[in-house]
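Here's a quick briefing to read with the model open beside you.

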Amino acid sequence: GLTSAYGVLQRIQGVEVNRSYVDLSLNTDMPGRVYSVFDNPNAFAEVLVLLIPIAVALILGVRSRWWKLVGLGAALLGCMAILMTYSRASWIGLAAAALVFVFLWKRKLLPALIVLGLACIPFLPSTILTRILTIFNPNDSSTSSRLPLYEAAVKGVMTSPVTGAGLGADAVRQFIKEYGLYHGEAPFTHSHNIYLQLWLEHGLLGVAAFVAGCWNALKQGAKTALLPDCPAQIRMITLGAAAGLAGSLVCGLADYLFTYPRVMLIFWFSVSILLAGVRLSKRAA
């Protein structure tokens, strides 16, 4: 909530436009992207994808009016802040999290959520609408610049599929450079895809363990959310953490979530909340 409030305050004060974050030829009127206490607007948005569903779960799961207000404030500020980050991958991730949340909570409301979401699109600010449309525009430099990154990462995986390049982004960059796999203009920092990056860093067993672990956590969280006798507080917090994790994994298709240690910490913190909810539900059964 406080980091979201600071992000909103940044917008009020004004944020300098960083040309490395946006293609200004296609987003001429877009203001600077807020980043709160994080170094990068994408990192800030990735954290919000994880935490906004938990804030919504707090509203629906607790009895105290005070905590409901706290959850409402955190959710509203988070939604405002994530729009101001102009992070397209995180917008898609949050939409996926919302779908998962409603599906596990009250699936009968899913069509209404989709209709409501589509109905809200025309009322969004023009800069946000323009930013959304650039997702499908091959002329957008921030989109097209990722294609050589993906190509290099895929070639790297094919070069060393079992063991990968070695632990850490530095090992991956050195590996890509030694084999001459990257031919883009911008420097290769990471593959902008969590699955490709983890495969390159940890090898086949590493990425398989990550995917299997996340899938197992989501499956257990879904089972807990669907238990009829599970206490409301446990059910909703577990549901919110599961939705945030699902949205984050969708976001990871277009970005590497673990570039910043703070984002990695909050990612595993959300997973721990999910697994704690699963364990508490078993005790309450």
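The buried residues of H12 are Val-263, Ile-266, Phe-267, Ser-270, Val-271, Leu-274, Gly-277, Val-278 and Ser-281. Here "buried" means under 20% relative accessible area, "exposed" means over 50%, and "partly exposed" is in between (1.4 Å probe, protein chains only). Helices (H or I, at least four residues) are DSSP runs, numbered from the N terminus.

This is a predicted model, so local features need pLDDT of at least 70 and side-chain atom pairs count only at pLDDT 80 or more, while totals for chains, interfaces and linings use all residues. Residues are numbered from 1 along each chain as its sequence is written, and side-chain values use heavy atoms, with hydrogens and water left out.

- H12 has 24 residues and reaches 34 Å from its first C-alpha to its last, close to the 34 Å expected at 1.5 Å a residue; the expected span is 1.5 Å times one less than the number of residues.
- The cover over the buried residues of H12 includes H2, H10 and H11.
- H3, with 21 residues, reaches 30 Å from first C-alpha to last, close to the 30 Å expected at 1.5 Å a residue.
- In H3, the buried residues include Gly-71, Ala-75, Gly-78, Ala-81, Ile-82, Met-84 and Thr-85.
- What covers the buried residues of H3 includes helix H1 (2-13), H2 and H4.

**The nonpolar cores**

- A nonpolar core is a set of buried Ala, Val, Leu, Ile, Met, Phe, Trp, Tyr and Cys residues joined through side-chain atoms within 4.5 Å.
- The largest one has 44 residues, and those with the most contacts inside it are Phe-210, Leu-245, Phe-258 and Phe-267.
- Two or more residues of this core come from each of helix H2 (41-61), helix H3 (65-85), helix H4 (88-106), helix H10 (194-225), helix H11 (232-251) and helix H12 (261-284).
- H2 gives the most to this core, with nine residues.
- Leaving aside neighbours within four places in sequence, Leu-245 is in contact (heavy atoms within 4.5 Å) with Leu-50, Cys-214, Ala-217, Leu-218, Phe-267, Val-271 and Leu-274.
- Another core, of 12 residues, lies apart from the largest one and has Leu-149, Ala-153, Phe-175 and Ile-176 among its members.

- Val-49 has its place in helix H2 and counts as buried at 1% relative accessibility.
- Not counting residues up to four places away in sequence, Val-49 touches Ile-82, Ser-90, Gly-93, Leu-94, Gly-244, Gly-247 and Ser-248.
- Val-49 and Cys-251 are 202 residues apart along the chain, yet their C-alpha atoms are separated by 8.5 Å.

**Aromatic rings**

- Searching the whole structure turns up 13 aromatic pairs. Rings of Phe, Tyr and Trp (its six-membered ring) pair if their centres lie within 6.5 Å; planes under 30 degrees apart count as stacked, over 60 as edge-to-face and the rest as tilted.
- Tyr-86 and Trp-91 make a tilted pair, because their ring centres are 6.1 Å apart and their planes are at 55 degrees. Both Tyr-86 and Trp-91 are buried.
- Phe-267 and Trp-268 have ring centres 5.0 Å apart and planes at 85 degrees, so this pair is edge-to-face. Phe-267 is buried at 1% relative accessibility, whereas Trp-268 is partly exposed at 39%.
- Ring pairs link Tyr-195, Phe-210, Tyr-256, Phe-258, Phe-267 and Trp-268 into a cluster.
- The charged end of Arg-107 sits over the ring of Phe-103, 4.3 Å from its centre. The rule for that is CZ of Arg (or NZ of Lys) within 6 Å of the ring centre and within 35 degrees of the ring normal.

**Cysteines**

- With a disulfide taken as a pair of cysteine sulfur atoms within 2.5 Å, the count comes to zero.
- Cys-79 is in no disulfide, and its nearest cysteine sulfur, that of Cys-120, is 11 Å away.
- Cys-79 counts as partly exposed at 33% relative accessibility, and Cys-120 is partly exposed too, with a relative accessible area of 40%.

- Most residues other than glycine have a negative phi, and most peptide bonds are trans.
- Ser-36 is not a glycine but has a positive phi of about 55 degrees. Ser-36 lies in the loop between H1 and H2 and is buried, with a relative accessible area of 3%.
- His-192, also not a glycine, has a positive phi of about 60 degrees. His-192 is found in the loop between helix H9 (169-178) and H10, and counts as buried at 15% relative accessibility.
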